[in-house]
Amino acid sequence: MRRFAAVSWIAIPLAGVLVLSGCSSAKTDSDELQIVANPVAAKPAVSPAVTVKPAGQVLATGAVSALAVAEGTLVVALAQPPSLQLYDLNALASPPVNMPLYGKAEKLTVAPGRVEIAEPAQGVVQQLSLPGRKLTETKTGGQPASSIAYGADRLVAMGPGRDIQVLPATGPARTIGGQLYSADDVVDTGKGVVVLDRLRTAVFSVDVAAGKVNEGLRAGDGAANAVADSYGRVLVTDARAGALIAFSASPLIMRQRYPVPGGAYGIAYDAKRSLAWVTLTERNEVVGFDVRGGEPVEKYRFPTVRQPDSVGVDERSGRVLVGSAAGEGTQVIQP
């Protein structure tokens, strides 16, 4: 697997990028990874009204809280009523299959043969098997923010619980904590596990075997969403400063920080084409960046539905899926 050299270009000054190692988890005014004394997680910028027709096809869905693509199926999570709409990507004109949820899904993550569904208000993570379309549940308690497959186990980021639950295939669960203000997403790069902390606008490496949260790095001014790429890195959107940031996982090092003005928020990765798709909520746009080289290269830019908070990609066809949190549909774009 290809790796980039340790020296890579950086387009934004890095005075705010500091390493944390072995620090207390207590909140103090001297916390190097904290923006303010009482941090607030970054949120998507409010979108203006649409003035340019969205590219591609728009499916008439409600307000989208998350979406994912797996096994030829577009899975759209709706906020009200909490539910899933399942579309056959080969027959988008056909009515979707509707499946009710316990509560609003905040995060959908693709795992082999299934989609993990985090429903924090209900303290539940559900698994949607595909193509069988069967829902099963795991009660985690707390407010699970995201869930991923990790070998035979699962890792669940517990949001304000400030830790990660390790759910083995057999045997008791265990918890990994320390240094976090919030555990908002967990990403397995294949070369190491990283947890995203939106309150501290930072990423931390996680030693799952040792049960430890290790060093952390500041991730811009408002870390929002993260995804793994094909090169052992985590790509993070900075919603406040407008940037796409790349970190290697082992060791945890910032490799790139690329300016993306316009309210960078949602992110998805096409491993087949090495494209990172980033939504810009201030502009109602989605941008595709080739991330194979020493810096991201913009390849595509499309107008979207209003409030494009969610994005996914179908690696089989290259199609990009964008969900409107404002209830203006789910968009299907063929670059």
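Q: What makes the strand order of the open sheet of four strands, and how do they pair?
A: The order is E19-E20-E21-E22, with antiparallel pairing. Strands here are DSSP runs (E, at least two residues), numbered from the N terminus, and two of them pair if DSSP finds at least two bridges between them. This is a predicted model, where local features need pLDDT of at least 70, side-chain atom pairs count only at pLDDT 80 or more, and totals for chains, interfaces and linings use all residues. Residues are numbered from 1 along each chain as its sequence is written, and side-chain values use heavy atoms, with hydrogens and water left out.

Q: How do you know that E19 and strand E20 pair?
A: They share four bridges in the antiparallel sense, and the cut-off is at least two. One of the partners in E20 is Val 236, bridged to Ala 226.

Q: What makes Asp 185 and Lys 107 a salt bridge?
A: Their N to O distance is 3.3 Å, and the definition asks for a side-chain nitrogen of Lys or Arg within 4 Å of a carboxyl oxygen of Asp or Glu. Asp 185 lies in strand E15 and Lys 107 in strand E7, so the pair ties together parts 78 residues apart in sequence. Lys 107 is partly exposed, at 21%.

Technical notes:
Buried means under 20% relative accessible area, exposed over 50%, partly exposed in between (1.4 Å probe, protein chains only).
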